[in-house]
Amino acid sequence: MGCVVALIGLAVPRFALAMLWLLTDRLDHAFDSFIVGFLGFLLLPTTALFWALSYHPTHGVTGFGWILVGFGLLIDLSSSANGRQVARSRRR
């Protein structure tokens with residue numbers, strides 16, 4: 001199930017996070033509080049999604065999981081930068 005959620009998450013990460021929240025308890029284990037998970041949902045959805053998918057309750061995020069989280073961060077940052085660039089080009 002994790003691979004399917006990750007593929008959906010690349011296209012629509014907030015939808016994938018909402019489905020994880022509704023259908024599993026994975027987000028409860030991955031995030032310490034509701035606020036942290038909600039901020040991840042709002043600000044860095046792909047990073048939050050990959051964190052939740054990579055998190056293991058006893059070990060946390062380890063090994064290849066950190067690569068996935070870093071990849072999610074790159075996706076979120078590039079998406080944000082691209083959004084700012086599009087907004088700037090529309091103002092001209």
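The paragraphs below go from the whole chain to the pocket.

This is a predicted model, in which local features need pLDDT of at least 70 and side-chain atom pairs count only at pLDDT 80 or more, while totals for chains, interfaces and linings use all residues. Residues are numbered from 1 along each chain as its sequence is written, and side-chain values use heavy atoms, with hydrogens and water left out.

The protein chain holds six helices and zero strands, where helices (H or I, at least four residues) and strands (E, at least two) are DSSP runs numbered from the N terminus. Along its principal axes, the C-alpha trace spans about 50 × 25 × 25 Å. Of the 92 residues, 30% count as buried, that is, under 20% relative accessible area with a 1.4 Å probe and protein chains only.

The largest pocket contains about 290 Å³ of space; a pocket here is an open set of points on a 1 Å grid over the protein atoms alone, where a 1.4 Å probe fits, with protein on both sides within 12 Å along at least five of seven lines, and lining residues have an atom within 4 Å of a point. The volume is the space filled by probe spheres set on the points, which are joined across faces, edges and corners. Helix H2 (13–23), helix H3 (26–30) and helix H4 (34–43) each supply at least two residues of this lining, and H4 gives the largest share, four residues. Among the lining residues are Trp21, Asp28, Phe31 and Phe38.

Methods
Buried means under 20% relative accessible area, exposed over 50%, partly exposed in between (1.4 Å probe, protein chains only).
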